[in-house]
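User: Could you walk me through this model and tell me what stands behind the terms you use?

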Amino acid sequence: MLSTAAAIVSAIALLMPGFIIAELSVARSARGSRSDLELALRALSYTLVVHITFAFWTAHLIASIGKPADWTHHWGALAIYGAVVLIVVPAVIGTVLNRYLAHV
C-alpha cells in the first residue's frame with residue numbers, strides 16, 4: 001500500500017498534464033473567468049486523453065521494469081517518461097491549443 005505522501009504525489013502527477021493543458025490553452029485569452037468546476041472537468045478530460053495516448057509507453061515501462069522494488073534501478077527511464085508525458089507534451093498541446101483558439 002502506498003504511504004499518504006506517495007499517494008498525494010501520485011495523484012498530482014497523474015492530474016498535472018490536464019491542468020497544464022487547461023491553463024496554457026486559455027492564457028492571454030479574452031475569455032472571462034472560468035468556474036472551478038469547468039477547470040476541473042477540462043483538466044480531467046485532457047489528462048484522460050494524454051494518459052490514454054501514452055498507455056502503450058506506460059505498459060511497456062511497467063513490463064520492462066518489473067516490481068516497484070526494482071524501480072530504483074531505472075531512474076533515467078522514469079525521469080524521461082515523467083518529463084515527456086507529464087510536462088513536455090501537455091505544454092506543447094496547451095500552447096498549440098491556445099494558438100488555435102486565438103486564431104479561431
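User: What makes the lining of the largest pocket nonpolar, polar or charged by class?

Analyst: By class, the lining has 14 nonpolar, five polar and no charged residues. Here Ala, Val, Leu, Ile, Met, Phe, Trp, Tyr, Cys and Pro count as nonpolar, Asp, Glu, Lys and Arg as charged, and the others, Gly among them, as polar. The model is predicted, so local features need pLDDT of at least 70 and side-chain atom pairs count only at pLDDT 80 or more, while totals for chains, interfaces and linings use all residues. Residues are numbered from 1 along each chain as its sequence is written, and side-chain values use heavy atoms, with hydrogens and water left out.

User: Which residues lie nearest the centre of that pocket, and which elements give two or more residues to its lining?

Analyst: Of the 19 lining residues, Ser10, Ala13, Trp71, Leu78 and Tyr81 lie nearest the centre of the largest pocket. H1, helix H3 (55-65) and helix H4 (75-103) each give two or more residues to the lining. The pocket holds about 630 Å³ of space. On a 1 Å grid over the protein atoms alone, a pocket is an open set of points where a 1.4 Å probe fits, with protein on both sides within 12 Å along at least five of seven lines, and lining residues have an atom within 4 Å of a point. Grid points are joined across faces, edges and corners, and the volume is the space filled by probe spheres set on the points.

User: Why is the packing of H1 and H4 called roughly parallel?

Analyst: The two helices pack at an angle of about 25°, with their axes 7 Å apart. Angles under 35 degrees count as roughly parallel, over 145 as roughly antiparallel, 65 to 115 as roughly perpendicular and the rest as oblique. H1 and H4 are therefore roughly parallel to each other.

User: And why are H3 and H4 called roughly antiparallel?

Analyst: Their angle is about 170°, with the axes 11 Å apart, so H3 and H4 are roughly antiparallel. Trp57, Thr58, Leu61 and Ile65 in H3 meet H4 residues including Ala77, Leu78 and Tyr81; contact means heavy atoms within 4.5 Å.

User: What makes H1 oblique to H2?

Analyst: The axes of helix H1 (residues 4-25) and helix H2 (residues 36-53) come within 7 Å and cross at roughly 120°, and that makes H1 oblique to H2. The contact is made by residues including Leu14, Phe19 and Glu23 of H1 and Arg42, Tyr46 and His51 of H2. Its residues divide into eleven nonpolar, four polar and two charged.

User: How many helices and strands does the chain have?

Analyst: The chain comes to four helices and zero strands, in the pattern α-α-α-α along the sequence. Helices (H or I, at least four residues) and strands (E, at least two) are DSSP runs, numbered from the N terminus.

Note on methods: Axes are lines fitted to C-alpha atoms, for helices over the stretch in contact, and angles run from 0 to 180 degrees between N-to-C directions.
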